[in-house]
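Subject: A structure for you to look at

Hello! I am passing on the structure we talked about, with some notes on what turned up in it. Please open it next to this email and follow along.

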2 protein chains.
Amino acid sequence: MDAAAAALLDARFAAAKEASRKLARATSAEKNAALATIAAQLRAAAPRIVAANAEDLARGRAEGLSAGLLDRLTLTTARIEAIAEAVGEVIALADPVGQSVAGRTLPNGVRIDQIRVPLGVVGAIYEARPNVTIDIAVLALKSGNAVVLRGGTSAEHSNRVIIQVLRDGLAAAGLPADCVQTVDDYGRAGARHLMGARGYVDVLIPRGSAALIRTVVSEAHVPVIETGAGVVHMFLDESAPLDWAVELVHNAKVQRPSVCNALETLLVHQDAAERLLPAVFERLRGSGVTIHADERVRAYHPDTVAATLEDWETEYLSLDLSVAIVDSLDGALAHIRRYSTGHTESIVTNDLASAERFLAEVDAAAVMVNASTRFADGGEFGFGAEVGISTQKLHARGPMGLSELTSTKWIVRGNGHVRH
Amino acid sequence: MDAAAAALLDARFAAAKEASRKLARATSAEKNAALATIAAQLRAAAPRIVAANAEDLARGRAEGLSAGLLDRLTLTTARIEAIAEAVGEVIALADPVGQSVAGRTLPNGVRIDQIRVPLGVVGAIYEARPNVTIDIAVLALKSGNAVVLRGGTSAEHSNRVIIQVLRDGLAAAGLPADCVQTVDDYGRAGARHLMGARGYVDVLIPRGSAALIRTVVSEAHVPVIETGAGVVHMFLDESAPLDWAVELVHNAKVQRPSVCNALETLLVHQDAAERLLPAVFERLRGSGVTIHADERVRAYHPDTVAATLEDWETEYLSLDLSVAIVDSLDGALAHIRRYSTGHTESIVTNDLASAERFLAEVDAAAVMVNASTRFADGGEFGFGAEVGISTQKLHARGPMGLSELTSTKWIVRGNGHVRH
């Protein structure tokens, strides 16, 4: 990127930072009014958004995007209405800013309070789905943060219109339009510049494919919250009840295979394989699941695809499932330790000791006993909105709600107190 | 660094990771027993540690280290006794691991609990003071984390013996010696390798000079918690009571000038300068403070050093203070916005509106009204131990206690629950 372009983007980042200071002091009522304006203007702008989206879809078709990707890229009037309604749900959420996290009066009389404050400027790098533009911007604004957005090139026409709607909505409601910025017009170079925007951008959240997230994590010089990639395991212990095994595996794999908390690898205790696998496989096949099996599974079930080494580290996001037989709980723990992405891991068991060992020893954002991995979700956890699912250990781990878009500051009140 | 050395260090990091899994499951009693063993062995090893320290001191003198740095490098039997006593204080602290952060039963009967777990492997890069080796290792072990240490070259003999004592103490107490690792024997190349140890090291904490912290923040590929650098301001508002102004400025600057929460820049409202500055300066000069003043201050007090632009961004850590007159609260806020390192900022005022604006608008880890900046401290805040003071917004902000060396995981318990 040449110096002039870099300076222009830096000016946008600085404007976001400056605007974030005003937004940080806005009341919940002011922020909610702006979000309501944005929702109304999204509805009003639906024809323009759909027209811009048609350009993206035409290019996508010309470039041979898959039907699935084209569907994710598509915005219709009905989808825009649903997005506007989702903005309404965010309005209804409690504002985390100003919440007291901790507080006490020290023995000397000094009062200390730890209060939630916005992070400042949130950067978001994501792909394909233009609805994410609204989703992440609205969550950021609700929690008092400015945003700098980088959507995928495939959605650039849609995103351009949507970002204008967001900015106009803010301005109409008396908040700074500069709270929403984009680097889309600079493409990949813009994304790289955003990843290096230390001092302007307080946190960068990548949302999308494992490859996208890897790139951001390794290249960014601003703090990143790593989200998403889920090579999710379920272990059927020796004592796993048959009906739970069948229904939990099926639900975890099939209920929504394209998301990060969907099951990707099934591990089965060797002493339970004969008892459980026939019914588990029958139920899965009834829903069109392709089974990639190791040699031990194939000894029982030759009518499966032979798994390769690559299968164990693959997040299929499709109706595919890799299945392995392990010697014991230890074998399952070792497999998970090796291949887990730290997202969600689950055991099905009726043995208390196995359950407790699994919960204690598996190192992941969510560890489950006798529950579908699909429960690892901000909505299911009652957060009301989900910023993403963090697979890192710092700041936030697991489903992130609005609070995870905040920091804190300590407010200290004395009466001329000095330290002795 | 050649491939063989890199492989050797990676093996140490992997050993730390493996050991951290055992340590994560150790009970508080087991960890406390190990810390008690370490304290006892530190006392027993005092002669060996003092002898090794003498080598470091001899080299330091030969290399012309300042008296201050030599003092910080020095370990005596009495200082080792004090360090062993400090280990006892950490034993007495509550163990954060296993603490419940949040928990509820979902409407469908699924139980979710967010539980504190160790981060895993904590890397520490620090300078000069060999007591930090014990300090950071003991805090990490108490919170269930393994550590990889990189102390300064100037303390390498002392640190070598101390690290052996730590490892021996762990082993004698039945915990893995590999929970404590060092890269000191590879010098700066070892430090660089540690900064790149993604997948092994969960967080890196630099402790030391602003230059050290800058280097780690910009070069590390593992997550960093930025600590320490404090260009700390105090603003004397128009309404500031004289006695508070005098005592708060003096305490914040003089009580311990070498630490990060000590005052570095004093800002004074133009309408209060004549009333306040003579007594403030008299009290400071009585303690040997050198005043670096802007032109407006020097108009009243020509007997000061003329401040240069550099003064406003300098963390003196000495008996020096930069002083400027500002037009108003807005002028103070603008100066702080420009030069603050986000550590601690304070206002002295009797005006409620000024106090509330200052608290709301200043973006720092700790923001104070009518209190000495020296209160921004884990000990003062009642944390019992201080890992450092975070000046970043993610994960931890402000004084960090043991909890800030932990992450969380979600434990989910169902009874065959599937998602609908």
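Before anything else, one term: two strands pair if DSSP finds at least two bridges between them. Helices (H or I, at least four residues) and strands (E, at least two) are DSSP runs, numbered from the N terminus.

With that in hand, look at strand S7 (residues 232-236) of chain A, which is joined by 4 bridges to strand S12 (residues 344-348) of chain A, the two running parallel. Within S12(A), Ser346(A) is the bridge partner of Met234(A).

A word on the model itself. It is a predicted model, where local features need pLDDT of at least 70, side-chain atom pairs count only at pLDDT 80 or more, and totals for chains, interfaces and linings use all residues. Residues are numbered from 1 along each chain as its sequence is written, while chains are lettered from A and ligands numbered from 1 in the order in which they are written. For chain A the mean pLDDT (the predictor's confidence in each residue, from 0 to 100) is 95, and 100% of its residues reach 70 or more. The model has an ipTM of 0.92 and a pTM of 0.92.

**The two chains**

Residues are in contact if their C-beta atoms, placed from the backbone, lie within 7 Å. By that rule, 50 residues of chain A are in contact with 50 residues of chain B. On the side of chain A that touches chain B, S16(A) gives the most, with 11 residues. That side has 24 nonpolar, 14 polar and 12 charged residues. (Ala, Val, Leu, Ile, Met, Phe, Trp, Tyr, Cys and Pro count as nonpolar, Asp, Glu, Lys and Arg as charged, and the others, Gly among them, as polar.) The copies meet through the same surface, because 100% of the interface residues of chain A are also interface residues in chain B.

S7(A) and S12(A) belong to an open sheet of 10 strands with mixed pairing, in the order S10(A)-S9(A)-S11(A)-S8(A)-S7(A)-S12(A)-S13(A)-S16(B)-S2(B)-S1(B). Strand S10 (305-306) of chain A and strand S1 (100-105) of chain B stand at the edges, each with a single partner strand, so one side of each is left without a neighbour in the sheet. Helix H11 (residues 273-286) of chain A packs on this sheet, touching S7, S8, S9 and S11 of chain A, and its direction makes about 155 degrees with that of S8(A). H14(A) lies across S12 and S13 of chain A together with S16 of chain B, at about 160 degrees to S13(A). (Axes are lines fitted to C-alpha atoms, for helices over the stretch in contact, and angles run from 0 to 180 degrees between N-to-C directions.)

One bridge to find is that of Arg413(A) with Val369(B).

Enjoy exploring!

How values were computed: Two residues are in contact if their C-beta atoms, placed from the backbone, lie within 7 Å.
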